[in-house]
Each structure stands twice: as C-alpha cells, then as structure tokens.
Amino acid sequence: MNPYWGSAIFFSNVAESWYHGLQVGVTRRLSGGLMLQGQYTYSKAMDDTQGVRYNDDCGGPANAAFCVHPLNISQVWAPSCYDITHVVNLSVLYHFPTFKSNNFLTKFTNGWWIGNIVSIHGGSPFTPLINADRSFGG
C-alpha cells in the first residue's frame, strides 16, 4: 500500500460464504383440538465479504472503510452480519369446538382457531471499531 495516499476505494467480486445448520422440530397433537410445535436451529454463517466495501453493510457508521487488507480478503473471514447461532420457535394452536346446528350463529362461530408463536434467538455478531489511528501507524 502506498502510504502517501489518504484512502482508496477497492471493489472486488471475489467472495466466499458458508452456512452450516442443524434443525430439529417436534409436533404434538393433543386431544381436544390442541397442537404444540417446537423448532430449534443451531447454525453458523461465515463469510469474507460483508462489511468489506463499507461498514454500513453490517450496521456501522455509513461510508466508513471496514476492510483492513482489501487485497487479502482471507484476513476478514468472520461470522456474517446475519449469523444467529441459536434460534428457538415455539407455537401453540387450538381449534375451538364445532357446534352441530343449522342456525346463523353456529355458521359464524364454527371453524375458529387461535394460536401463539414465540421466537427466541441469540444476538447478531458485532465488531468493535476505533475510528482513530491509535498506534500512529498510518
């Protein structure tokens, strides 16, 4: 790198990303119209491109350079901005009883369902940044 240049914008189409995940799901139908579901995902997403152009790819200050060595992208191999390792989804679904009748009220009240979904997940990865040249290395 030329130390006499203040900054340079480097664009590259070279990229590599990997996603590995394990998904487990359980469904249980109980008597009386009640159904329970649970899913768990354990995953890891890694790449070398997000945040390389500008830090605003990963939610940092807009137009701030993020990549330390743009000619050696393998040095920025890290978790992706969207990497969330643990995700749990739980849901409950209940079908209201059906009434046997031909009147108007039963046509309105039959066929109703009620449900609830709860999603719990870990946080996204982050990289702390210092915007000043603290080592005075240029």
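1. A contact here means heavy atoms within 4.5 Å. Among contacts between residues at least 6 apart in sequence, 63% join residues at least 24 apart. Keep in mind that this is a predicted model: local features need pLDDT of at least 70, side-chain atom pairs count only at pLDDT 80 or more, and totals for chains, interfaces and linings use all residues. Residues are numbered from 1 along each chain as its sequence is written, and side-chain values use heavy atoms, with hydrogens and water left out.

2. The pattern along the sequence reads β-β-β-β-α-β.

3. Now the surface. The protein exposes about 11100 Å², and carbon and sulfur atoms supply 60% of that (Shrake-Rupley method, 1.4 Å probe; for residues, only the protein chains shown count as cover). Buried residues make up 13% of the 138 residues; buried means under 20% relative accessible area, exposed over 50%, and partly exposed in between (1.4 Å probe, protein chains only).

4. β1 and β2 run antiparallel over 13 bridges (strands pair if DSSP finds at least two bridges between them), and Gln23 stands opposite Thr41 in β2. Four residues lie between the two strands, and Gly32 in the turn has a positive phi of about 85°. Of the 13 residues of β1, zero are buried, so β1 lies largely in the open.

5. β1 (17-29) and β2 (34-47) each supply at least two patch residues, with the largest share, three residues, coming from β1. Val24 sits in β1 and is partly exposed at 44% relative accessible area.

6. Last, the rings. Rings of Phe, Tyr and Trp (its six-membered ring) pair if their centres lie within 6.5 Å; planes under 30 degrees apart count as stacked, over 60 as edge-to-face and the rest as tilted. By this rule there is one aromatic pair. The ring centres of Tyr94 and Phe96 are 5.2 Å apart and their planes are at 85°, so the pair is edge-to-face. Tyr94 is partly exposed at 26% relative accessibility, and Phe96 is partly exposed at 33%.
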